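Have the structure open as you read.

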Amino acid sequence: MGHSHNAKYKLTCNTKADVTAAFGNNLPRQIRGSERASFWGNPLQGGATKSITVVGLGADRNGTRKLRLHAKIADKVEQMFQKIKQVNQDYVIYSCGSLCVRYMKNSGTRNSIRDGANYAAARTQHGSKWASGWSSLALHHDNGRNAVQWTKVSNHSFGTAVDINPSTNPYKAGKPFDIPKWMVAIFRDFGFGWGGYYHDYMHFEYEQKDVSPTAATTTPTPGTTPSPQTSGDSKPDAGAPAPAGTPPPAGSGNAAHCTKCGKEMREGTGTTPGTAGATTPPGAGAAGKSNCKNPIAAPPEGYGQAAAVDNTVEAAHGKFYFFKDDYKQAGCPNRTMVYVPKGYVPQDNVDIWTHFHGLNRSNVKLEGYVTKHKLDEMHRGGNKNVIFAMSRGGRDARIGNNCKPGGYRAWVQRIIAFLCEHGPYKGQKPGIGNMIASGHSAGGYVGMTKLMTIGDLKSQLREYIILDGLYVGASTVINFVKANPEIMVRSLGTTHNPPHKNSEQVTRAVKGAKNWQHTGHVKGINHGNVCYKLMPDVLKASCFVDIGVAAPAGNPAGAAGTAGAAGNAGASTGGSNPSFPPADPSKLPTPHCGKPPHIPQHRPKGRPKGWEEFWTCGPTSCQMAIRYFKPAYFKDLSDFDLMMKLCEIGGVTKKGSSLGKNRKLTESSGLKTEHSTKGDKNTVSWIQGKLQAGCLVVLSGNLRTRPWKRSEGKSSGHFMLIIGMNEKSEFVIHDPGGYKGMNKIMNAEQLNEYITSGADRSGRQLAILQP
């Protein structure tokens, strides 16, 4: 299924002749497959590849993505994406990828080779020897499959290929794709051949021997047929967008910025839009008459001007603020409600839960939701340190401009501006933290599916929740769930159809996906109350920090204080669980505000397809601390690549890690570590003391005794990361063993059982010191 934004470009070609007829001839290859390794060398050796940031992604063209490419062409690719953004057409790039050391038609063997004993030797080889060595290993791990077909090193392995929107551009003849002709032409101008000529429509590969910087381009205007081949010094085709820095041609209209969205005016914004050869002089045109289709933009400075308070409501568990919003929707005034719970603690980054209602009556006031559904009690039931915000939107919950590209981001920024002026963030400049977006009824099928399509704040949004509202848009949800395994999508509903029917359709289509949850028939709850009855449990399982766990922004982790009485000084590490009296809450070590990132060991970002390993709990626990304390340490590497790097440094294999290996890989980042010894009879007290000193503690114990996933009578070694304690004297833990492993809780007795019943009963733990 294609994205609706790119539907106009959808095309189907059954043969190479069809592709050639529609796109012209492909760029001739200068580097043949047998020459790749000798020409490009070994991409795994230092300096062979380079990380760059490409621009122009997302519906608003403001999204970016890091790509790792061969160093010889990295700058060229960066320049190419700038050109694509400059052309500013209505094709949306949702995703792109580059370096992936794999084999043609067989990416699965990479993991076997990476973990094999010969991997280290193979990666040191040069050029053709490297390719030959890896091909031999691939053949071995392929159990005798045809070597020619299955072990051919691909262009992606060298960092010389780029894939664009793989979800809508498949590798199969006769399937629809949406790569536009003008984009193929831009890639051609920069030396890339297109895989569409052999039905790999997402794929572009660089096979020119000239790797010098690219000069002028010959990109045709969308809708024209590109010439078969161009050279760097040829003149642009008639109607082609001028290179960066070229004055606008006559008839192009005002070259200033749009008064609605702040972007540079598109072609055809003068008094005679789009008319070639018009007499309008360069720079002229009707100011403010923009043909911009996305009239929403983030405020130019900070979060913009805060709106005035329209109304406030004091509730039992917090305070509601109401303000008239900046953007109007015909039929009713757009208003926003912001709720701040009692006990809320401001953070460096604001965690926000946004909700879109589903009523289609313009006279309904947001204040009615407070009393009718007891929103403060619902929020209190989740016990999370998170701001709740609801948009009035417009008729049928079209959410006003919040459903247009850039609109949701701008709305969230206005909420933060309001909090900085009237709420708990006065005088502060917080960033945007973790987010959940939910929508009920029409707010589900309009709000949530629109957000999935436009991609606003996608990097912050951890969950999308559709509350009895999937009337339409099942295909959108299916595509999103498949393409974004790191983002949770939940469908909570009743027997109400068609939402229930469509949720079942998604469940069948994404069978087994861990990032999709459908509750099925929830009895005893009607359609109108579904969100307010079910959301407390959803919040409890969310990524947000508990109220009482969060520390104030700027408060150093591990604030001063003495350890409370937290254990029996004579407890034996191998005996029965002792009784631990609670510590004095006023003297507890403060958790690190949930800031250390949670990284799932089996599904880290950047992992290759099909990679789900469970032997990296130690390096993953240490990586969370390294990412927090030393963010500059290999910051350009993905979570997966850094994890593999740490495993290599510490000597970690599939057999697992140890305290010594974890210490070695952690100290490679420049951090200092300490470990408990067998002489520390009460390791629980030792851990609390280290937390007080501002440390994070890597905890070794029995996987099967975790209270949130207990397996009686079983034993298996496991590492986790302790980030602090809460006011109930409980330890706050990041567990790498699950996607939603953030802010798990253990009391002192459970922690002691975890330590003393594991495979390694020495009770030794690793403290990572705050630099």
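Contact here means heavy atoms within 4.5 Å. Keep in mind that this is a predicted model.

**A pair of helices**

With that cut-off, Met80, Lys83, Ile84 and Val87 in helix 3 meet Trp182, Met183, Ile186 and Phe187 in helix 9. The residues of this contact comprise seven nonpolar, no polar and one charged. Two packed helices are described by the angle between their axes and the distance between the axes. Helix 3 covers residues 74-87 and helix 9 covers residues 181-189; their axes come within 10 Å and cross at roughly 150°. The crossing of helix 3 and helix 9 is right-handed.

**A strand and its partners**

| Partner of strand 18 | Sense | Bridges | Residues opposite each other |
|---|---|---|---|
| Strand 17 (residues 696-702) | antiparallel | six bridges | Ser700 and Phe719 |
| Strand 19 (residues 731-734) | antiparallel | four bridges | Gly724 and Val732 |

In the table, Phe719 belongs to strand 18, and Val732 to strand 19.

Finally, look at the turn. Strand 18 and strand 19 form a hairpin, with five residues between them. Ser729 lies in that turn and has a positive phi of about 65°.

Definitions and conventions
Residues numbered from 1 in each chain as written. Predicted model: local features only at pLDDT ≥ 70, side-chain atom pairs only at ≥ 80, totals over all residues. Heavy atoms only, no water. Axes fitted to C-alpha atoms, helices over the stretch in contact; angles between N-to-C directions. Helix = DSSP H or I, 4+ residues; strand = E, 2+ residues; numbered from the N terminus. Left-handed = near helix turned anticlockwise from the far one by under 90°. Nonpolar A, V, L, I, M, F, W, Y, C, P; charged D, E, K, R; others polar. Pairing = 2+ DSSP bridges.
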